[in-house]
Amino acid sequence: MPVNIEINNISVKVPKCDTILSAAKKAGIKIPTLCHLEGLLPSGACRICVVELEGSLNLVPACSTAVRDGMKVKTHTARTLDARRTIVELLLNNHPDDCNYCLKNNYCELQKLAYELNVRTRSASHSVRHMNLDCSSPSLLRDPNKCILCGRCVRICEEIQGVSAIDFIKRGSSSQISPAFEEGMNLSSCVYCGQCVKACPTGALIEKDHVQRVIEALNNPKAYLVVQHAPAVSVSLAEDFGFKPGVDVNGIMVAALRRIGFKKVFDTSFSADLTIMEEGSELIDRIKNNGVLPMITSCSPGWIKFIEQFYPELLPHVSSCKSPQQMLGAVIKSYFAEKQGLKPEQIFSVSIMPCTAKKFESDRTEMQRDSVPDIDAVLTTRELGQIIKIFGIDMKSLKPETADTPFGTRSSAGKIFGTTGGVMEAAIRSVHFLITGKEMENPVIPELRGLQPIKRAKVKIGELDVGVGVAHGLANARVLLDELKAGSSDMHFIEIMTCPGGCINGGGQPYSLDLEAVKARMKALYKIDASDSLNKSHMNEEVGRLYREFLGSPLGEKSHELLHTHYHKREVLK
Amino acid sequence: MNSSISVILKKYESKSRDSLIPILQEVQETEGYLSKDALVEIGKDLNLPVSKIYGVATFYNQFRFQPKGKYHILVCRGTACHVKGSEKLLETICRNLDLKPGMTTKDRMFSIDTVACLGACGLSPVICINGEFVAKVTPKKALKILDELKEKESENARV
């Protein structure tokens, strides 16, 4: 039953379950928010969204007040504007005045609100706090001085990721957001996914900077710089340059990377194809030889840390395959280095990832050989945007270019690794071929597409009914893992991605909590898949050549040494 | 697993998050403080993240996270004591022992906590050492008391 309400003298008909905030949005009225997170229950903590409600003495928060029939609301009266301005003034009173040096400059919601509410002076002499930065995480940096206690990070971490590495501690003016015992993030159960970074309205949570490392390497004449870019980057990078979400700038990005000074530009989607060859073969091997099933994907480093700390007993289920980033990193510093007559340590290998946990992954000791890391620096999509700006490259005037051999060709199956369900779909296409020797007639599996929290399907491959499941967002992953623990899972293969929506909504993607942007990026990936005739990993000729010239066969000795790894139980504060 | 904690946890078999605060109180009563290990254990038992338990525990003044010293000093910060200068008094004691409220000296000899009101406003400013009230404590008097206690302990150590 819809209800009629009046907002700023405009009559609107909205569903009964709406809040004043969502009703106003439909009426084309933007009420500012800080603590609000689309899709989660309102917390009503910040009071920025207060409005006047006829018959109510006090201002009410629009985000947590349900609509009622006949309600009359005023959203931008002198009184509400004054209340909002006061809140922002108070927040700014103990906020550091270092916007120029802050990574969130121009992206900060507090800064934006101060402008929108015309806050022009400090209302009181300021009392900026001096708390220690938490630099302990390999992926994230936490500056409690910039925290405005909106609680968005806490809610994302708990409700979406099921991790709860951080929470509010103490109270009143001593309140803070912190890991347990005020320890560093490195001792906490943080999986470094960076969803909190995207949720943080200010610069209190940001990624660990690798921009400086890359610039230094670019200035080092002895270093041979190569770069790889992940499937989900090309469909989101453009947003940082004023394009609308979902525009694919793959070729232009390749051109920009060459202009910046990288000698070789490789495509991580190539190694996604390579991953499918290894992971698909591993699945078949497990099915044929009574191995541990279901097998679970291992591409998402946040997920790997999650299972190492929360479900170590299920580690035998995880595929031993390294992630595409690390597979490519390993073959760059072995096969490619040999081909070019370079020593592994002469190569400086950079990856562009939609992810903050990839910084952690590249730091893992398992991901180096003879003390040389396979990946030397990991830039997020945002950091790539910054580097493009640092080097003064005009994206709009570039002509698309193609990536370099021997790791520049990809199938569209590798490309859809960037979205939830994509790894599974890509894997099934190749597993089908490897088992039956025939190509799938229709390579699209609609049940595995979309943003439903958990997706399940049964796929007929030859005589075999393969049960598959897909979860994204670690709280959803817990559901599948608990089923597995209870012995009620009838699946052969499970794909888990740390971030909700997959890499297209990774913690390293452009600052935006807009679900529509995520959908647009997903659509862009599937559009690429629909228009590409090279849509199966095993059809990738460059992957074939890598096996012929160097690796031998999937799961072979060389593959085992370079492309597979192991995981271990991890003790953290949880 | 610490046995005294597991005994307490056994009493709360419903394993609901509602039991968290009573459990914290009881653990503090037996152990004298809330150790890291205790909080982790409680978290496992109640299926609550330890970050949340630490958040709840630090919200309330009644919980401390370091063991009490041999001499546990409560400084009253009620209105009457405040008017009579308990802020300065607290500052003096803290500086002398190089502690903040809630902390314990490395030798586990002294610990300090503040209290909203000890209920002895007539004796203000008042402090309480190991349950014994000391009335009308000026900063000078406090330093004398601390010196005496330190002297006594060093004599004990010599014997």
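Biologist: What makes the largest nonpolar core a core, and which residues touch the most other members?

Modeller: This is a predicted model, mind you. The set has 79 residues, and Leu237(A), Leu257(A), Trp303(A), Phe306(A), Ile388(A) and Ile496(A) touch the most other members. It's called a core because its members are buried residues joined through side-chain atoms within 4.5 Å. Helix 7 of chain A, residues 250-260, gives the most, with six residues. At least three residues come from each of domain 2 (89-207) and domain 3 (212-563) of chain A.

Biologist: How do you know what Ile496(A) touches?

Modeller: Contact means heavy atoms within 4.5 Å. Leaving out residues up to four places away in sequence, Ile496(A) touches Ile296(A), Thr297(A), Ser300(A), Trp303(A), Ala471(A), Leu474(A), Ala477(A) and Leu481(A).

Biologist: Domain 2 and domain 3 of chain A, then. How do you know how much area is buried between them?

Modeller: You take the accessible area that the two parts lose on being put together, summed over both. That comes to about 2100 Å², with 56% from carbon and sulfur atoms. Val191(A), Lys198(A) and Glu207(A) supply 31% of what domain 2 of chain A buries against domain 3 of chain A, more than any other three residues. The centres of these domains, over C-alpha atoms, are 30 Å apart, and the contact takes 24 residues from domain 2 and 31 residues from domain 3.

Biologist: And what do chain A and chain B bury between them?

Modeller: About 1300 Å², 60% of it on carbon and sulfur atoms. In chain A, the residues losing the most area to chain B are Arg171(A), Phe181(A) and Lys574(A), together 44% of what that side buries. In contact terms, 15 residues of chain A meet twelve residues of chain B.

Biologist: Over to helix 2 of chain B. How do you know its reach is close to the span expected?

Modeller: The expected span is 1.5 Å times one less than the number of residues. Helix 2 of chain B (residues 20-31) has twelve residues, which gives an expected 16 Å, and its first and last C-alpha atoms are 16 Å apart.

Biologist: Why do we say its buried residues line one face?

Modeller: The buried ones are Leu20(B), Ile23(B), Leu24(B), Val27(B) and Gln28(B). Down the axis of helix 2 of chain B they fall within an arc of 130 degrees, so they line one face. They pack against helix 1 (3-11), helix 3 (36-46) and helix 4 (50-59) of chain B.

Biologist: What makes Glu29(B) and Thr30(B) exposed, and where do they sit?

Modeller: Exposed means over 50% relative accessible area. Glu29(B) and Thr30(B) are exposed, and they sit on the face of helix 2 of chain B turned away from its buried side.

Note on methods:
Residues are numbered from 1 along each chain as its sequence is written. Chains are lettered from A and ligands numbered from 1 in the order in which they are written. This is a predicted model: local features need pLDDT of at least 70, side-chain atom pairs count only at pLDDT 80 or more; totals for chains, interfaces and linings use all residues. Side-chain values use heavy atoms; hydrogens and water are left out. Buried means under 20% relative accessible area, exposed over 50%, partly exposed in between (1.4 Å probe, protein chains only). Helices (H or I, at least four residues) and strands (E, at least two) are DSSP runs, numbered from the N terminus. Domain bounds come from an automatic or database domain assignment. The arc is that of the directions from the helix axis to the C-beta atoms. Buried area is the accessible area (1.4 Å probe) that two parts lose on being put together, summed over both.
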